[in-house]
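Got a structure open and wondering what the labels on it rest on?

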Amino acid sequence: MANKQFPEGFLWGSASAAYQIEGAHDLDGKGLSNWDHFVRIPGKTFKETTGDVAVDHYHRFAEDIRLMAEMGLKTYRFSISWPRVIPDGTGEVNEAGLQFYDNIINACIKNDIVPMVTVYHWDLPQALVDDYDGWEHRRIVDDYVAYATVLFKRYGDRVKHWITMNEQNVFTMLGWMAGMHPPGDVANNKMFYQVNHHANMAHAKAVLALKELFPESKVGASHAFGPAYALDCKPENHVAQMNSNDMGNYWWMDVYAYGRYPKRTMKYLTEMGVAPQFEAGDEDIMKAAAAKVDFMGVNYYQTGVAEHNPIDGVGAAKEKMNNSGKKGSTKEVSGVPGMFKRPANPHLETTDWDWTIDPVGLRVCCRDITSRYDLPIVISENGLGAFDKQEENGRIHDPYRIAYLKAHIEELKIAIDEGSEVWAYCTWSFTDLLSWLNGYQKRYGFVYVDREEEEGSGTLNRFKKDSYYWYEKVIASNGAEMDFDPTTMK
Ligand code: BGP
């Protein structure tokens, strides 16, 4: 049993994001966000779902945190809504918004749950978009840092773990390349890289600001790490794999950890005329911040495959992603001409939304980070989106989720045994919540929330799923007991 246990003090956690749970989108002085606008454009989200009410965490946070406490959760990762705190994005601060997060933080601490705060999980004040196109303008850097500093000053006495950015690679890729997140731009390579540079500078300056105020705090950014395997041992496919990891992962993680961009990709972007523009001093700031970053945050869901793609080969996907949960509806192979393409992996099962299920991939992430950066790791998200059904007696049997989490936690333990320093494992998510593009039917939580896509469709009441009881045992045994069968419970 002893050597099955995770390191002492390991943070067993779960995660959420403001827009996906809070609701109250226009209450108590909150400003509107880019997402409040985007979801109202017909066809952008599954069945036009919005986060107007979401799972009403704004009014039910006390109950949600009580459920976390009952489970024995060690850390809760949540995000703060920028427009709730600074309605116009810059300038006046909304005290009611700050108070809401005070209440959450205090409730966590009272229940021995370490609060882990994400500064930015995609909901940008719409006022900044109206004013100067948000992330597209360099002005965002100072506004972001001013916002982050408000949070650091207000909560820094109690919050010791900070995540500056959630999945910068995803919100920029879907926002400026795939047209699926705000602002809905397509194949805008030049802006994509520029926006990323702005986000990198915002991250870097916020790290420096935090360390100035609270040198002992722990800070990192959360990257959606999807490692690529080479299709086979053909040398050109190995090069494709290097290109894929460089462009899809190290482009962000090297900035967080080293304060510089990978050379091969920078050369490629320069040749294409889409490399980001720097201001004087940016490189020094990026390096100074990287030296102060404490951990690499990893959101891990799936791996990909890389294959050689000639310069006249396939480009970005034209088909829509599978947002319906109809398994097998993604067939298209996409890629970056001259760099790589992404065929399917015949060795892996997939979810109903066509995401590969690959527990070993989580170990690959940890091993890679340990070798490349030698930084501690926080798994800030990992989980399975599935169709859960509530039975008449109120129970929700989700053995598929338990199997998924168990397999991933086992691989995480192997990574730790192999030398990775892992501080935390946060599942996605604690309660069911809104999936940005996939509505409410794609459920991730330990706690079932009674609602469907239509507003007003359920009671919003909470119910513990089988996986809730299972994770409770995992936490109580510090990872040693993973075979508990919750269906045996009355
Ligand atoms: C990550 C995001 C989360 C969450 C999760 C599940 O990319 O950080 O906010 O949504 O993925 O994704 P989805 O909701 O698309 O299934």
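What follows is a run of questions and answers on this predicted model.

Q: How do you know which residue is which, and what limits apply to the values?
A: Residues are numbered from 1 along each chain as its sequence is written, and side-chain values use heavy atoms, with hydrogens and water left out. The model is predicted, so local features need pLDDT of at least 70 and side-chain atom pairs count only at pLDDT 80 or more, while totals for chains, interfaces and linings use all residues.

Q: Why is histidine 203 called buried?
A: Buried means under 20% relative accessible area, exposed means over 50%, and partly exposed is in between (1.4 Å probe, protein chains only). Histidine 203 comes in at 2%, so it counts as buried.

Q: What makes the place of histidine 203 a helix?
A: Helices are DSSP runs of H or I with at least four residues, strands are runs of E with at least two, and both are numbered from the N terminus. Histidine 203 is in helix H9, which runs over residues 189-213.

Q: What makes the pair histidine 203 and threonine 164 a polar contact?
A: A polar contact is a pair of N or O atoms within 3.5 Å; within protein, one must be able to donate a hydrogen and the other to accept it, and residues adjacent in sequence count only if both atoms are side-chain atoms. The side chains of histidine 203 and threonine 164 are joined at 2.8 Å.

Q: Which residues does histidine 203 touch, beyond those up to four places away in sequence?
A: Contact means heavy atoms within 4.5 Å. By that rule histidine 203 touches Tyr144, Thr164, Met165, Ala221, Tyr256 and Val293.

Q: How do you know which residues surround the ligand?
A: A residue is near a molecule or strand if one of its heavy atoms lies within 4 Å of it. For the ligand that gives 15 residues, and the closest are Gln20, Glu167, Ser435, Lys442 and Tyr444.

Q: Which classes make up the shell around the ligand?
A: Ala, Val, Leu, Ile, Met, Phe, Trp, Tyr, Cys and Pro count as nonpolar, Asp, Glu, Lys and Arg as charged, and the others, Gly among them, as polar. The shell has 6 nonpolar, 6 polar and 3 charged residues.

Q: Where do polar side-chain atoms of glutamate 167 and tyrosine 444 lie relative to the ligand?
A: For glutamate 167, one lies 2.4 Å from an oxygen atom of the ligand; for tyrosine 444, one lies 2.5 Å from a ligand oxygen. The protein covers 92% of the 370 Å² of accessible area that the ligand has on its own (Shrake-Rupley method, 1.4 Å probe; for residues, only the protein chains shown count as cover).

Q: What makes a set of residues a nonpolar core, and which members of the largest one touch the most others?
A: A nonpolar core is a set of buried Ala, Val, Leu, Ile, Met, Phe, Trp, Tyr and Cys residues joined through side-chain atoms within 4.5 Å. The largest has 141 residues, and Trp135, Tyr144, Trp162, Tyr425 and Tyr471 touch the most other members. H9 gives the most to this core, with 11 residues. A second, separate core has 6 residues, including Leu11, Met116, Phe295 and Ala424.

Q: Why is lysine 341 called partly exposed?
A: Its relative accessible area is 21%, so lysine 341 is partly exposed. Lysine 341 sits in strand S10, residues 340-341.

Q: Is glutamate 381 buried or exposed?
A: Buried, because its relative accessible area is 4%. Glutamate 381 lies in strand S11 (residues 377-381), and a polar contact of 3.0 Å joins its side chain to that of arginine 77.

Q: What is the phi of glutamate 48, and why is the residue called partly exposed?
A: Phi is positive, about 60°, although glutamate 48 is not a glycine. Most residues other than glycine have a negative phi. At 40% relative accessibility, glutamate 48 counts as partly exposed.
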